[in-house]
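Here is a quick tour for anyone meeting this protein for the first time. Have a look at the sequence and the structure, then read on.

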Amino acid sequence: MAGDEVIRIMCPNLGCQRVLAVPSSARGKLVRCRGCGSNIRIPVPRAESPSAPQAAQPQQQKPAA
Ligand SMILES: [Zn+2]
């Protein structure tokens, strides 16, 4: 079964910065760093973007003759 992806996240604690390996099922949850014991929130990657970024369309100005 695919989908059991391991996410590597570094502890935001500057005094720790330990790389934690958490399963993908822990996305959006809080994991506890074993190094310093601080709670780290696992970011959730947005694969599906509901709203597409609006591309700036240059308006063609017609020369008024
Ligand atoms: Zn830590």
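## The overall layout

Helices (H or I, at least four residues) and strands (E, at least two) are DSSP runs, numbered from the N terminus. By that count, the protein chain has zero helices and four strands. Reading from the N terminus, the order is simply β-β-β-β.

Before going further, keep in mind that this is a predicted model, where local features need pLDDT of at least 70, side-chain atom pairs count only at pLDDT 80 or more, and totals for chains, interfaces and linings use all residues. Residues are numbered from 1 along each chain as its sequence is written.

## How confident is the model?

The score to know here is pLDDT, the predictor's confidence in each residue, from 0 to 100. The protein chain averages a pLDDT of 84, and 82% of the residues score at least 70. Among the elements, strand 3 has the highest mean, 95, while strand 1 has the lowest, 93. Where pLDDT is low, the predicted coordinates should not be read in detail.

## Buried or out in the open?

A residue is called buried if 20 or more other C-beta atoms lie within 10 Å of its own, exposed if 12 or fewer, and partly exposed in between; the C-beta atoms are placed from the backbone. Of the 65 residues in the protein chain, 2% count as buried. Strand 1 (residues 6-10) lies largely in the open, because zero of its five residues are buried.

Two strands pair if DSSP finds at least two bridges between them. Strand 1 and strand 2 (residues 19-23) are joined by five bridges and run antiparallel. In this pairing, methionine 10 stands opposite valine 19 of strand 2.

Most residues other than glycine have a negative phi.

## Around serine 38

Now hop over to serine 38, which sits in the loop between strand 3 (30-32) and strand 4 (39-41). With 14 C-beta neighbours inside 10 Å, serine 38 counts as partly exposed.

Two residues are in contact if their C-beta atoms, placed from the backbone, lie within 7 Å. Which residues does serine 38 contact, leaving aside its neighbours within four places in sequence? They are Cys11, Asn13 and Cys33. Serine 38 and asparagine 13 are 25 residues apart along the chain, and their C-alpha atoms are separated by 7.9 Å.
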